[in-house]
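Hi,

Here is the structure I promised to pass on. My notes on what turned up follow below it.

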Amino acid sequence: MNDAPAVPASLKWWTLGVVGIGTFMSALDTSVINIALPSIGRQTGASISTLEWVALAYLITVSSTLLAFGRLGDLQGKRRIYMLGLAVFGMGSLFCGLSGGIGLLIGSRVIQGLGGAMLFALSPALLVAVFPPQERGRALGMQATMTYLGMSIGPGLGGFLTQHFGWPSIFFVNVPIAILMLAVSFRVLRVDARQQAQPFDLRGSVTMMVALAFLLFVLSKGLDLGWTSPGILAAGTVALLAFTFFLRTETSIPHPALDLRLFGSRVFSFSTLAAFLCYATTASINFMLPFFLIQGCGRTIAQAGLVMMMIPVGMLALTGLSGWLSDRIGPRIPTVLGLLFMAMGFLLLRTLSPATPLHPTLAITLLIGLGAGLFTAPNNSAIMGAAPRARQGVAGAVLAAARTTGFASGVALGGLCLTLAMRHLAAPAAVQVGLRHGLLLLSGMAILAAALCLARNRTRVSGA
């Protein structure tokens, strides 16, 4: 069993505070950078294609190293790796703020991404270690709330800091917080057992990093460079070969970086796939909807921004409550209802036209956000509850990887829907048609995820 041992109530909530703030910082730096890119470009003279790598360097580094750091946490101690993550994230943030050139900034973002990956990967496992199963959903819900909060306020906070204090300030603000959280972590995080007898699977970890890094590159740049361009085809081939080699390695050694037996549990595998589908749909609608509102409906940028705020507002409103609910009735009902709300919202968006008033649009996008918020925490709890204690770090990393790859896949999917429509129609009709076709696909993905949540059972993986 992976039940958490009894711990003092104050220790549980201090742990949640440390993990929540760490999650908030690492999520914030996923979204805060975009608003500052024009200022960075003016100061450094970098082109737009180069500036994109300021964001991509962080995203690809985080996504490609999550599973390796999750496994390291299981082997060397989750507390140790998490605290290392705080130190590396703070150091990377300092280097980003001090960097004067675009090359140093991109390199510093890689360092910052390494720290962010440690924080993302081990946050769920640290919470599961101190919260008992009957409180796990609530704890993971609050942690997910901090993730969404960081991603939601990133653009606004980044704009304020950049305008008043310059773009380096968006990085400098992380440094004192990281130092403070490192000191608090030293006192409140429990020292966990280390599995030093088991070797670290370096070969599997490296091939996994290569596979995920090149996959994320394909998903992130495929639309810009062209899906059949030589660079994208070459990167896709490298990702496929690395992933094939990774699977061969992981099935032939006794202590793999990613124990594929985890996916032998229908709860774990179906919940992970449902999470990927949910994150992909939300990222896709976030990408397509502004084009529809501004180009297709003639809305102002301010009106489009107000509509786009409804999705994270809905997620923030229900994520914590849904975790509490899943602790009492289990994850199945809230996850299925949440996904059905999302599917309903996607279908309702297909009925919108340029003549539709703003208020129905706000209500529908709020429904999508409420559905995502109702789904997330219970599903996260199901994933972490299905993994044995010795694989909690890897399970948390898999969960984080489902989120980051889902976001990247969703953006690629949304861009593909709009691009295909524009080959046959002129704007604004192309945007309207592309969105409607995309929404039909997104509703199907949400219904598929709901079916997965209904089909999963209560079996556990071996080795618990």
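Let me start with Leu94, which counts as partly exposed because its relative accessibility is 32% (buried means under 20% relative accessible area, exposed over 50%, partly exposed in between, with a 1.4 Å probe and protein chains only). Before going on: this is a predicted model, where local features need pLDDT of at least 70 and side-chain atom pairs count only at pLDDT 80 or more, while totals for chains, interfaces and linings use all residues. Residues are numbered from 1 along each chain as its sequence is written, and side-chain values use heavy atoms, without hydrogens and water.

Leu94 is found in helix 4 (helices are DSSP runs of H or I, at least four residues, numbered from the N terminus).

Now the aromatics. There are eight aromatic pairs in the structure (ring centres within 6.5 Å, using the six-membered ring for Trp; planes under 30 degrees apart are stacked, over 60 edge-to-face, the rest tilted). Trp13 and Phe131 make an edge-to-face one, 5.2 Å centre to centre with 75° between the planes. Trp13 sits in helix 1 and Phe131 in the loop between helix 5 and helix 6, so this pair ties together parts 118 residues apart in sequence. Phe131 is buried, at 2% relative accessible area, whereas Trp13 is partly exposed at 35%.

Phe287 and Phe291 form a tilted pair, 5.4 Å centre to centre and 50° between the planes. Both lie in helix 11, four residues apart, about one turn of the helix. Phe287 is partly exposed at 22% relative accessibility, and Phe291 is partly exposed at 30%.

Cheers

Definitions and conventions. Helix = DSSP H or I, 4+ residues; strand = E, 2+ residues; numbered from the N terminus.
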